[in-house]
Amino acid sequence: NNDDQVVTAFDMTKIAAAAYSNPKLLEISSAKSWKVGATTNNPDGVSVRNEHRLVITEDTESPYYCPEAVAGKTGYLLKAGNTLVTYGEKDGRRVVSVILKGSPRQYFVDGKALLEFGFRSFQHYTVADYESRYVTGNETINLDKGSFQASDLMIDPDSVITLPNSASFEDADITLGALPEISPDNAVALLTYSYNDRTIGTAY
C-alpha cells in the first residue's frame, strides 16, 4: 500500500512463469485444499481451502468454471484492489493471466477471459520444424565458439516461439547472437526471434 511500491502485470507474469515452472510450487498452488498439522491454537489440525475460483470450481454452468486453470494466487490491497494470477494449460501450451485493480467476483471472470484469449489467439511453432537457416547447406558459419559448417549444426528440438494466429513463422524476425553466460554445453549460438519488436522466443 506504499506509494513507492509498484508492480506491473508483466512483472507478475514473469514471476508466475518462473514459479509455476517449479513442480513443487505448482503442486502447492494447484491444491484445492490442504490439511495443516497440529498447532498450539489448533491441536487437531485445520483444513485450509484454495480461494481461487477458477482453479476450484467444478460446476460446468458456473461463470468461474475454467478447466484450463491449474493454479494461481488471489490477492487484495486497498490501493491495488482485487488481484489475480492464473496459470493455465491446454494442449501442451502454458498461459498466465494477470488481473490488477480488479473488482469483486468480476476479476475471476476477467482472468478466465484472458486465459481463453491467450489459448484462442496464439499458436506455438517448434523452431526446429520450421527453421532451416544456419543449419543446412555448406555455408560456413563463423561464431564465437569457432567456425562450423551449417550442415553440422542443429536447432534445439524443444525450442518454441509464440505468434498470433494471424501470423506465420516466416513473419518472425531472426538474429544470430552470442551465447549468454549460462547456456548448454553443446550450444554454439543463440537464435532470437521477434515479432512487432517483441521477443517471442529463442533457440540454441
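**View 1. Lysine 24 and glutamate 27 join their side chains in a salt bridge.** The N-to-O distance is 3.1 Å. This is a predicted model. Both residues belong to helix H2, and they sit three residues apart, so about one helical turn separates them. Lysine 24 is partly exposed, at 49% relative accessibility. Glutamate 27 is also partly exposed, with a relative accessible area of 45%. Side chains of opposite charge can pair when their charged atoms come close. How many salt bridges does a search of the whole structure find? There are three. The next two views show others.

**View 2. A salt bridge connects lysine 79 to aspartate 3.** The closest N and O atoms are 2.6 Å apart. This pair links distant parts of the chain, 76 residues apart. Lysine 79 lies in the loop between strand S3 (69–77) and strand S4. Aspartate 3 lies in the segment before helix H1. Aspartate 3 is exposed, with a relative accessible area of 62%. Lysine 79 has a value of 47%, so it counts as partly exposed.

**View 3. Glutamate 131 and arginine 133 form a salt bridge.** Here the closest N and O atoms are 2.7 Å apart. Is glutamate 131 buried or exposed? Glutamate 131 is buried, because its relative accessible area is 7% and the cut-off for buried is under 20%. Arginine 133 is partly exposed, at 39% relative accessibility.

**View 4. Tyrosine 20 and tyrosine 87 make a tilted aromatic pair.** The ring centres are 5.3 Å apart. Where do the two residues sit in the chain? Tyrosine 20 is in the loop between helix H1 (9–19) and helix H2 (23–30). Tyrosine 87 is in strand S4 (residues 81–90). The pair links distant parts of the chain, 67 residues apart. Tyrosine 20 and tyrosine 87 are both buried. The structure holds eight aromatic pairs.

**View 5. Phenylalanine 117 and phenylalanine 122 pair edge-to-face.** Their centres are 5.9 Å apart, with 80° between the planes. Phenylalanine 117 is partly exposed, with a relative accessible area of 39%. Phenylalanine 122 is partly exposed too, with a value of 29%.

**View 6. Four aromatic residues gather in one cluster.** The members are Tyr125, Tyr130, Phe169 and Tyr193.

**View 7. Three strands form an open sheet.** The order is S10-S11-S12, and the pairing is antiparallel. Which strands stand at the edges? They are S10 (173–177) and S12 (198–203). Each has a single partner strand, so one side of each is left without a neighbour in the sheet. The twist averages 25° from one strand to the next. Strands of a sheet pair through backbone hydrogen bonds, either parallel or antiparallel. Five bridges join S10 to strand S11 (residues 190–195). For glycine 177, the bridge partner in S11 is leucine 190.

**View 8. Trp34, Val36, Val46 and Val48 form a nonpolar patch on the surface.** Together they have about 340 Å² of accessible area. Which elements give two or more residues to the patch? They are strand S1 (33–36) and strand S2 (46–49). Valine 48 lies in strand S2. At 42% relative accessibility, valine 48 counts as partly exposed.

Definitions and conventions:
Residues are numbered from 1 along each chain as its sequence is written. This is a predicted model: local features need pLDDT of at least 70, side-chain atom pairs count only at pLDDT 80 or more; totals for chains, interfaces and linings use all residues. Side-chain values use heavy atoms; hydrogens and water are left out. Two strands pair if DSSP finds at least two bridges between them. Helices (H or I, at least four residues) and strands (E, at least two) are DSSP runs, numbered from the N terminus. Axes are lines fitted to C-alpha atoms, for helices over the stretch in contact, and angles run from 0 to 180 degrees between N-to-C directions. Rings of Phe, Tyr and Trp (its six-membered ring) pair if their centres lie within 6.5 Å; planes under 30 degrees apart count as stacked, over 60 as edge-to-face and the rest as tilted. Buried means under 20% relative accessible area, exposed over 50%, partly exposed in between (1.4 Å probe, protein chains only). Patches are made of residues with over 30% relative accessible area and no salt bridge: like charges are joined within 9 Å, nonpolar side chains (Val, Leu, Ile, Met, Phe, Trp, Tyr) within 5 Å. Accessible areas come from the Shrake-Rupley method with a 1.4 Å probe; for residues, only the protein chains shown count as cover. A salt bridge is a side-chain nitrogen of Lys or Arg within 4 Å of a carboxyl oxygen of Asp or Glu.
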